[in-house]
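Let's take a walk through a protein model together. Please have the sequence and the 3D view at hand.

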Protein chains: 2
Amino acid sequence: MTYSVNKVQKKKMEEPPAKRACTDHQTAQLKAYKGTPLELKCVNTIRALAADMVQKANSGHPGAPMGCAPMAHLLWSSAASGGTGRNHSAKNPNWWNRDRFVLSNGHACALQYVMLHLSGYEDCSMDQLKAFRQVGSSTPGHPENFCTDGVEVCTGPLGQGISNAVGMAIAAKHLGATYNTTDFPNIINSRTYVICGDGCLQEGISGEACSLAGHLGLGDLIVLYDDNHITIDGDTDLAFTEDVKMRYESYGWQVLVVDDVANGLDDLRAAIDEGKKCTDKPTLIKIRTEIGFGSPSKQGSASSHGAPLGVPEIEATKEDFLVDEDVAAYFKEQADAGDQALAAWDADFAKYKEAHPDKANELERRFNEACINAVAKKMPELMGGSADLTGSNCCQIKGAGDFQKDTPEGSTLRFGVREHAMAAICNGMFAYGGLRPFCATFLQFAGYALGAMRRRPHHQPVEMLESLRSMPNMCVVRAADANEMAAAYQIAINNVHTPTVICCTRGTVAPLEHSSRDKAMKGAYAVIEEEGEGAPDLVMIATGSEVWRCVDAAKALQSNHSIRTRVVSMPCQELFLEQSEEYRRSVLPGNVPTMSVEASAEHGWHRFSHAQIGVARFGMSGPLEQLFQKYGFGAENIASKGKELVDFYKNLGGNVPDLNCRPTFVNFQA
Amino acid sequence: MTYSVNKVQKKKMEEPPAKRACTDHQTAQLKAYKGTPLELKCVNTIRALAADMVQKANSGHPGAPMGCAPMAHLLWSSAASGGTGRNHSAKNPNWWNRDRFVLSNGHACALQYVMLHLSGYEDCSMDQLKAFRQVGSSTPGHPENFCTDGVEVCTGPLGQGISNAVGMAIAAKHLGATYNTTDFPNIINSRTYVICGDGCLQEGISGEACSLAGHLGLGDLIVLYDDNHITIDGDTDLAFTEDVKMRYESYGWQVLVVDDVANGLDDLRAAIDEGKKCTDKPTLIKIRTEIGFGSPSKQGSASSHGAPLGVPEIEATKEDFLVDEDVAAYFKEQADAGDQALAAWDADFAKYKEAHPDKANELERRFNEACINAVAKKMPELMGGSADLTGSNCCQIKGAGDFQKDTPEGSTLRFGVREHAMAAICNGMFAYGGLRPFCATFLQFAGYALGAMRRRPHHQPVEMLESLRSMPNMCVVRAADANEMAAAYQIAINNVHTPTVICCTRGTVAPLEHSSRDKAMKGAYAVIEEEGEGAPDLVMIATGSEVWRCVDAAKALQSNHSIRTRVVSMPCQELFLEQSEEYRRSVLPGNVPTMSVEASAEHGWHRFSHAQIGVARFGMSGPLEQLFQKYGFGAENIASKGKELVDFYKNLGGNVPDLNCRPTFVNFQA
């Protein structure tokens, strides 16, 4: 099953006695291995570096990088130096004709950073590998093209990457058809390579995109499917027993199966070569791997998916962040070959420019011009279409022609009824360059496509609370502690008429001193009352894990500045708005400086507060507490902003606009 | 290809000379027809009624109902009277053990209403058929279970219905396994039937759901696939050339193909029977149909999809809303058989209740109890799971066991990495009854599932503008007229760094007198200035097609009440917020009564306005202008609310809370 060995096993082979004995099973595998020792060492170096990164960050996903290391090794063995892999160059990460690589299982990004490191990309220096998942590093927890040269698109939400890659393959095919000439047939002829996992193929978006890719005959798209039989919940047999090979054949793909890589990389290499030869169909290579390969006891287990292996496992595996000279030299050679390929292309392009100045200039404009100043100006780079609503969306470009398998020069795309993939494909086309993609559907179906429209990685759902709150009939509850969580369940159970969304933090939250299940069921209540008599000086509204931070801030404001502060926990806006006006005013006086604090977009909070501490951008990668501090959710900053708000109105003579002083129009409610 | 004939053709057969001659082709088809004349007449009556409804409403989708009429006919030929179809009863549309029917191509709902009419459902009386798509009717433009007895779920957004149906089949299998006994094996044994089209199968959500259905071996799920080769854009060959049969086989389904129904319904009937016999796999029956069958010149053409056929086409087809006595009698017989099946089940259940009182009581509680008063109370009806994040979501029910093919009594669902289908399946399970479904994932992936979470039909995207506006890096433009549309394009073209969403109304919008492309690019500007000097008495902010309505209202307020009103068009909130404070204050003074008007959820508008005219519920079906009036967007109501707002603050002594008087915290923007 496994073709390779870990470093300890390798040592045992070279210099017995080893620190750790191989199992008989592993020893038998070793003997059967037919690859070169260097190849083996390269693969194991990739594995080891990825595991080290996760271990040092103390978070991340070691399993997939270890299982997928052989694929990465082959894809980074440059075609230009006789390998089977991709052409690219750290000298110009934006080289138009580079072969694109998309890691669709973005949680495995340690693998991608390692490969970029070995290829000489500055953003993935050894220091950056060691800063994996830290605030401000160029090696965040899921790949972000905004952050790291060599990363083509943001991946992480499963299925997005492979769908983006379909867009890249469309872009390459279209641009090649438009700009290559008989004398210069290779100006744009790049391939798109993908590594993906089971999850990517389970998501509907990939089904949409891959059906279209088959229809369009995108021969330059090669997907390596890491068939490791493991998802987070356990074995894929729990929920995923379909025949993937048959499904992809039904889409019109070439499907190759590499059942056994235990004896070397030859089968996989041959499969990739086969994929390159097949020019009229995309290729899926189904590769049976073992997750966490090389880890003595977590190999093949879901436990290696999303958590560090642990030091004992790592120590058994290899030394820290080690890259032997021969391995470094091998990848340097690959990188040099890529640089040479780039140089050769540059020379070719210079000649092309002499022979076909109009085309070359236009291509340069397309890839380089950031802003086009007049809409009326001809924009041949505009390419796109609709999810089967071309007429209704009025988005047929006159005279553009359809982009189809045999007419790749056309720039009208027929996406079919596939909104989610449509948006992701456009993201991929944009990421490729040279095109300004558009897509169209009814506004309603933005709800099908939001996962792709947001174009950002995992775990940054800053807009999602307001998205859900703005949906009629949706009850959204964000609980601050265990009492409020009990209320959340009670609300959900009582609420038979509409869906309920319960949002929980992943962090640990201690019980709040004055939290209340009963009060929480009114949607909002004062969890800390201001001291003394009369209206408070300041009201802070918070939800979820921000409530206790406000409680801390309120205590500091009282003791340091005698600012009498009330903290309102608001687990459910919808329920609060259903309460009597009297109750609502008793909780939120409206004419007292009021500040909302929620680790989410501030949208929607202007209704309740004069000022907001929110998140006006997408998130970042880093340890929880560091991020909370950086984004302004530390108790100290909350207190400081609270004081600022109080002072703001004090300086204006205490005239606080009364947020409760507005008429409520009874809109149609039938 | 076509097995049937239209009424005119039938007349020709029975009483020549006909009003209209058949083509030679049609005559040849007629001769080959082997079904009974009554069967033929029933099918044609269904077709004709559906076409009439669309024609009378002057909107809707006649093509699919006409093509799918034979399927509906068979599914409504009661099993209890020897037919092959479903058990159900108008006497109790909520009979627990009824066979569910889901019209996944919900735009074809005229078909469903016709069948419910012929079966005696009150909500689909002849008057209601004639009120199709009218305000307040129980026959809206897409099926809504809240609105019409006999409709199980809201369908319309393609792929939702078939995914809901998977949930229903899960519910039936689980409840049967839990409550049936050896002596009473048929308390819960209902089947779930679906009619769907190409679009449903192109959507990724159906791929997710159907892969899971195959995995779970849901033998009681039978899907009739209307393979009419036509989508809105034209032939399915434009974008959908995959091998659907092979794909569904790869999911583990039984796939049957009915290639030719020209000679009668026998092949289709046999296929449905075959589907019923296969108990360990769901069945897909691929039926080659012709869209708009029976319409002389639009048959087989995309032009019959989403618009009335036109009076000449209809007149050639049949008389208005005609149901001959023999046809009515046939369906009465089917309905009676359904009623008898219900009565037999009722009797059976009474005996079951005597023999197994605990189980029967529990089942009654599950289906009938609307509100459960204590969370702690045992809730065996709680059933659900996670999209491969069971551990992270902490949603494993202890001791519940997995619901798998051979353990349907388990109540933990393993959805796989399939968020969109997960939400839709839960909708279906809830719609079935007897279960309280839940599902879990990271909040991030609500963005994958929103299409199902909203649980409403087409064309009611009331929350979508705010969803998009709350997304960082998203530029959302809603244009009011052609000038602003030019600005929208300019904004999108200039904006290379983030996506741009341009939202257009489907209605016709006349050019506004003072609209401006340049000003629109600032995000908001006064399209009507108040008369005279000094601050306005009232500011109205609107977007898109609501702007001209506000302009009309402003003119009325000025001339009838001398209220000096400014109308601000705000095509883009994001761009407006980027302008200087000076500009923003010049457009929106803040301390003047300000009202926003947008045909969308009012969420997000409290930032800019004291009062909002918005949409606090989902939409309705009806002619555009009637709906605008009903929801309060008529110029008269806008003017009246504007005056109300002005008076509100006048009565408070003119003290208007200044919406601009708030500090802006600079949140982290790195």
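What follows goes from the contact between the chains to salt bridges, and then to a few single residues and a helix.

This is a predicted model, in which local features need pLDDT of at least 70 and side-chain atom pairs count only at pLDDT 80 or more, while totals for chains, interfaces and linings use all residues. Residues are numbered from 1 along each chain as its sequence is written, chains are lettered from A and ligands numbered from 1 in the order in which they are written, and side-chain values use heavy atoms, with hydrogens and water left out.

Let's begin where the two chains meet. The size of an interface is often given as the accessible area lost when the parts come together. Here, chain B and chain A bury about 11200 Å² between them, with 60% of it on carbon and sulfur atoms; buried area is the accessible area (1.4 Å probe) that two parts lose on being put together, summed over both. Chain B gives 130 residues to the contact and chain A gives 130 residues, where contact means heavy atoms within 4.5 Å. Between chain B and chain A there are 51 residue pairs in polar contact, both residues being at pLDDT 80 or more. A polar contact is a pair of N or O atoms within 3.5 Å; within protein, one must be able to donate a hydrogen and the other to accept it, and residues adjacent in sequence count only if both atoms are side-chain atoms. The side of chain B that touches chain A is made up of 63 nonpolar, 39 polar and 28 charged residues. In this scheme Ala, Val, Leu, Ile, Met, Phe, Trp, Tyr, Cys and Pro count as nonpolar, Asp, Glu, Lys and Arg as charged, and the others, Gly among them, as polar.

Salt bridges come next. The term stands for a side-chain nitrogen of Lys or Arg within 4 Å of a carboxyl oxygen of Asp or Glu. Across the interface of chain B and chain A there are 4 salt bridges; Arg607(B) forms a salt bridge with Glu602(A), with the closest N and O atoms 3.8 Å apart. Over all chains, the whole structure has 48 salt bridges.

Within chain A, Lys41(A) and Asp324(A) form a salt bridge, their closest N and O atoms being 2.9 Å apart. This pair links distant parts of the chain, 283 residues apart: Lys41(A) is in helix H3 (residues 37-57), and Asp324(A) is in the loop between helix H12 (311-317) and helix H13 (325-355). Helices (H or I, at least four residues) and strands (E, at least two) are DSSP runs, numbered from the N terminus. Lys41(A) is partly exposed at 24% relative accessible area, and Asp324(A) is partly exposed at 26%. Buried means under 20% relative accessible area, exposed over 50%, and partly exposed in between (1.4 Å probe, protein chains only).

Another salt bridge joins the side chains of Asp339(A) and Lys91(A) at 3.2 Å, N to O. The two residues are 248 residues apart, with Asp339(A) in helix H13 and Lys91(A) in the loop between helix H4 (63-75) and strand S1 (100-103) of chain A.

In chain B, the side chains of Glu242(B) and Arg247(B) meet in a salt bridge of 2.6 Å, N to O. Glu242(B) is buried at 9% relative accessibility, and Arg247(B) is buried at 3%.

Now look at Thr283(B), in strand S7 (residues 283-288) of chain B. Thr283(B) is buried, with a relative accessible area of 0%, and its side chain makes a polar contact of 2.7 Å with that of Gln254(B). Beyond its neighbours within four places in sequence, Thr283(B) is in contact with residues including Leu221(B), Trp253(B) and Cys278(B).

Finally, visit helix H9 (residues 204-216) of chain B. Its 13 residues reach 19 Å from first C-alpha to last, close to the expected 18 Å, a span worked out as 1.5 Å times one less than the number of residues. H9(B) is mostly covered, with 13 of its 13 residues buried. Gly217(B), with a positive phi near 60°, follows H9(B).
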